[in-house]
Amino acid sequence: IAHEVTHALLDGVHPRFNEPTNIDVYAFHEAFADIIALFQHFSYPQVLENQIKKTRGDLETESLLGQLAQDFGRATGGGSALRDALGSVNKVSGAWEPRKPDRHALQRVIEPHARGAILVAAVFRAFLIVYGKRTEDLFRIATQGTGTLPEGDIHPDLTRRLAREAANCADRVLQMCIRAIDYCPPVDITFGDLLRGIITADLDYAPQDDDYRIVFIQSFRDWGIHPRGVTSMGIDSLTWPSGDELLRNLVSTQYIDSEDVRTSKVQQDVQKKDEMKRYMKDSFLSKIENWNLESDRHEVWKILRRLRVDVHKWLREGDHIGRYYGELFGLVIFDSDARPTVYRGEYNFPTLEVHSVRPAVRQTIAGSYKTDIVIEVTQRRRGYFDPEIQKARDVAGLIQNDKGDFTYRAGCTILINPATQKVRRVIRTRGDINSDTELEKVRKYLLGIYGTTGNAFDAGIRTGHVDEPFAILHQDIGE
């Protein structure tokens, strides 16, 4: 039940995650639902203490998680994929053994459940590493430094202490994954994007505590999960940039050697930032700056619905400020900047689809509360399976009522602090809506050129809308 409800909740927050544009999209949905459902079991003290007692504190032996994985596989029609990703029974000894990380596993797996199981395995490995580090001292005390527990049941006090540590570690790992959802691009999600979201969200949650972040990076690297376009697996490289960082990069690309010009650019930078903050404050942030958890939910919902219109206007308003925002957020604002195949709306402007404007209240590890406004914006473009037709349409223009063969989307997620009007994080897709490179990747994926179908239940080319992709995905095709 928790698995299926998670699908629904995730779809409510990120409705574009049901559009398979790469091999990870449906696999991510399956993996995230499993992560939530499986780690929820660590919140039950009696069940957890019983499992700790059974495994003598060693969660790398066959555990409740492995048993649940087998049940999940049968229930969802996915076979034993999740269980196999975590471990399997040794045919010689008959004992269950954890599966060692494989950096090449993702290259061999395409089915969503099986591929998602690898992501679950990476997250669970991160949990095991943290749990092992947090309980080293307890095992040293219990074994008198030998590392080997005496025969028989472990002491009840040790059981409770180990269970408490396991619950705390599981809760932190689970919350890291949940918080990361607001730090993901609105379309074309990959496992690497999730890792960047986990690292960035946890950095905002606990700036001084790198231990969990380092473990996550280590585990994902061991399973061969690397974000595209990132050359280093260091924390700084994986963290999504702030608005100030992008602004500095944007201005620095225009610098030349003249000191006078450099100084002028810096002054313009400061002036534009101040202007942007004032514009945000005047346009929509003032309407929700007093929002809190005790506010009337229906009134908040009505305000947020209106705010989507306000944000659309905010991005459109003003010649230079709109273009500046477009560059900062990876959006194409004006007609002259967009390819002919990009969808257009009123006054021939490229369409901006503001999917979400929602407040998010988060508690830091220090106990303080921070509020962000999470904004998700996407754009769309007509794609054609024949690259020559694509080139022709992008040169000569469209034929009337031409909708193309598929839709290519790009966009960004923006996190804004309503109190300071500061753009805290900008999470952009790998290319903007004009990117021929990213459009080509979607085309190849849909055509099955990467050696996989478009999803688990069609021939690879999505020519129509599927209302319930995950219901179909979970059907037992053996029946």
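1. His-14 is buried, because its relative accessibility is 0% and the cut-off for buried is under 20%. This is a predicted model. His-14 sits in the loop that joins H1 and H2. Setting aside residues up to four places away in sequence, His-14 touches Ile-181, Cys-184, Pro-185, Pro-186 and Glu-376.

2. Now the helices on either side of that loop. H1 covers residues 2–13 and H2 covers residues 25–40. They pack at an angle of about 125°, and their axes are 8 Å apart. H1 and H2 are therefore oblique to each other. The crossing of H1 past H2 is right-handed.

3. Which residues in H1 meet H2? They are Ala-2, His-3, Thr-6, His-7, Leu-10 and Asp-11. On the H2 side, the contact involves Phe-28, His-29, Glu-30, Phe-32, Ala-33, Asp-34, Ile-36 and Ala-37. By class, the contact of H1 with H2 has seven nonpolar, four polar and three charged residues.

4. Next, the sheet. Four strands form an open sheet in the order S3-S4-S5-S6, and the pairing is antiparallel. S3 (353–363) and S6 (422–428) are the edge strands, and each pairs on one side only. On average, neighbouring strands in this sheet are turned by 20° against each other, direction ignored.

5. Take the S3 and S4 pair. Ten bridges link these strands in the antiparallel sense. Ala-360 is opposite Asp-372 in S4. S3 and S4 make a hairpin, with five residues between them. In the turn, Gly-367 has a positive phi of about 100°.

6. S4 spans residues 369–383. How much of S4 is covered? S4 is mostly covered, with eleven of its 15 residues buried. S4 and S5 run antiparallel and are joined by eleven bridges. Val-374 stands opposite Leu-415 in S5.

7. S5 runs over residues 406–417 and pairs with S6 in the antiparallel sense, over six bridges. Val-426 in S6 is the bridge partner of Ile-414.

8. H15 (residues 297–316) lies across S3, S4 and S5. H15 runs at about 115° to S3. H18 (residues 436–447) packs on the sheet and touches S4 and S5. The direction of H18 makes about 125° with that of S5.

9. Leaving aside neighbours within four places in sequence, Cys-412 is in contact with Pro-186, Phe-329, Leu-331, Ile-375, Glu-376, Val-377, Ile-427 and Arg-428. Cys-412 and Asp-432 are 20 residues apart in sequence, and their C-alpha atoms are 9.1 Å apart in space.

10. His-14 lies in the loop between H1 and H2, whereas Cys-412 lies in strand S5.

Technical notes
Residues numbered from 1 in each chain as written. Predicted model: local features only at pLDDT ≥ 70, side-chain atom pairs only at ≥ 80, totals over all residues. Heavy atoms only, no water. Axes fitted to C-alpha atoms, helices over the stretch in contact; angles between N-to-C directions. Helix = DSSP H or I, 4+ residues; strand = E, 2+ residues; numbered from the N terminus. Parallel < 35°, antiparallel > 145°, perpendicular 65-115°, else oblique. Left-handed = near helix turned anticlockwise from the far one by under 90°. Contact = heavy atoms within 4.5 Å. Nonpolar A, V, L, I, M, F, W, Y, C, P; charged D, E, K, R; others polar. Pairing = 2+ DSSP bridges. Buried < 20%, exposed > 50% of the residue type's maximum accessible area, 1.4 Å probe, protein only.
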